[in-house]
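Colleague: Before I use this model, I would like to go through the terms applied to it and hear what stands behind each of them.
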Amino acid sequence: MNWDQARRILHWDGRRADAAPAGPSRRRLAGPGLATRSLCIASGKGGTGKSVVTASLASLFAATRRVLVVDADLGVGNAHILQDVAPERSLVDLVEGRASARDLVAICAQNLDLLPAGSGVSHVAALEPWELARVAGAIGELERDYDWVLVDAGAGISAQTVALAAASERTLLVTTPDVTALTDAYAFLKVLVQRDAGSAPCFVVNRATSAGEAAEVAERLRGAVRKFLGRDLPCLGWLPDDRAVTRCVNARAPVVRHEPDSEFAVALRELARRFEREAAGCGPTIGLGQRLARLAGDT
Ligand SMILES: Nc1ncnc2c1ncn2[C@@H]1O[C@H](COP(=O)(O)OP(=O)(O)OP(=O)(O)O)[C@@H](O)[C@H]1O
Ligand SMILES: [Mg+2]
């Protein structure tokens, strides 16, 4: 892979991008397994909107299904803030042996629970393989109780973040129009497919100012991925830059719940519909916890 060429493509003015369906996930089993679905929301660059997208997706899914959000930003998580809960325990306590998986579950809303990451605990940001295996065990113990597990990933391309994406049934990359975010999304994808050639990621352009800008940005990323990774990266759509998001963050509430008529909420609902259409019709899986446990040894 030639980084300079890839970077040049990410700077290109490209053609319009349309959402393209991905093939069926190879993680599904023909026989008995878990019906729980898993989605990792990741980015590469920090601050692209992973947590606000996760909070709103979780809130939408929870209207009809049981949802567990896993805040994977260990030690510096903020998913609990966006759901307005103040859990006493977090995955940090689990990793350090002070709590069991069930001790950690924070109830956020009807059908919506959270495994909090803990905040202000820097020494757990990078987990040892056995620590990641402990997190995998906790997810494995709990996931049966849910229809969806949404992983709110930390920024960057650390081995544990990539393992979480590789272990999830689907990965949604959140990028902004900034070339730095696009470059980091590309880097994340490159590492992800090296780790797990069968993963089926897709992406969304967040904080775009128009459909035209989003389409151009999406095509730049798709072009680079097509050319240098030989893959199609489906774009699930775009989300507008919207002051409502900041207001909802400050109100500690998911945008779709607090400002359901905002531009962002309308676009997020469309994104969720597209995602569900695309991910529909799958059979049972071996489960996120089990897959993560297998990958933990390689981190
Ligand atoms: N569509 C949007 N419109 C306006 N502001 C937004 C939008 N999306 C995100 N933001 C702003 O960006 C901030 C960061 O968002 P968020 O915390 O979701 O990013 P993140 O990718 O989870 O960050 P981190 O990498 O630190 O976990 C939000 O607090 C919000 O102010
Ligand atoms: Mg976040």
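Colleague: What is the mean pLDDT of the protein chain, and how many of its residues reach 70 or more?

Modeller: The mean is 88, and 86% of the residues reach 70 or more, where pLDDT is the predictor's confidence in each residue, from 0 to 100. This is a predicted model, in which local features need pLDDT of at least 70 and side-chain atom pairs count only at pLDDT 80 or more, whereas totals for chains, interfaces and linings use all residues. Residues are numbered from 1 along each chain as its sequence is written, and side-chain values use heavy atoms, with hydrogens and water left out.

Colleague: Over which residues does pLDDT stay under 50?

Modeller: That holds for residues 12-26, although the model has 31 contacts (heavy atoms within 4.5 Å) beyond four places in sequence for them. Where pLDDT is low, the predicted coordinates should not be read in detail.

Colleague: Why is the set of 54 residues called a nonpolar core?

Modeller: The name applies because a nonpolar core is a set of buried Ala, Val, Leu, Ile, Met, Phe, Trp, Tyr and Cys residues joined through side-chain atoms within 4.5 Å, buried being under 20% relative accessible area with a 1.4 Å probe, protein chains only. Among the residues with the most contacts inside this largest core are Val70, Leu115 and Phe203, and helix H9 (residues 211-229; a DSSP run of H or I, at least four residues) gives the most to this core, with seven residues.

Colleague: How many residues has the second, separate core?

Modeller: That core has 38 residues, including Leu39 and Phe61.

Definitions and conventions. Chains lettered and ligands numbered in written order. Buried < 20%, exposed > 50% of the residue type's maximum accessible area, 1.4 Å probe, protein only. Helix = DSSP H or I, 4+ residues; strand = E, 2+ residues; numbered from the N terminus.
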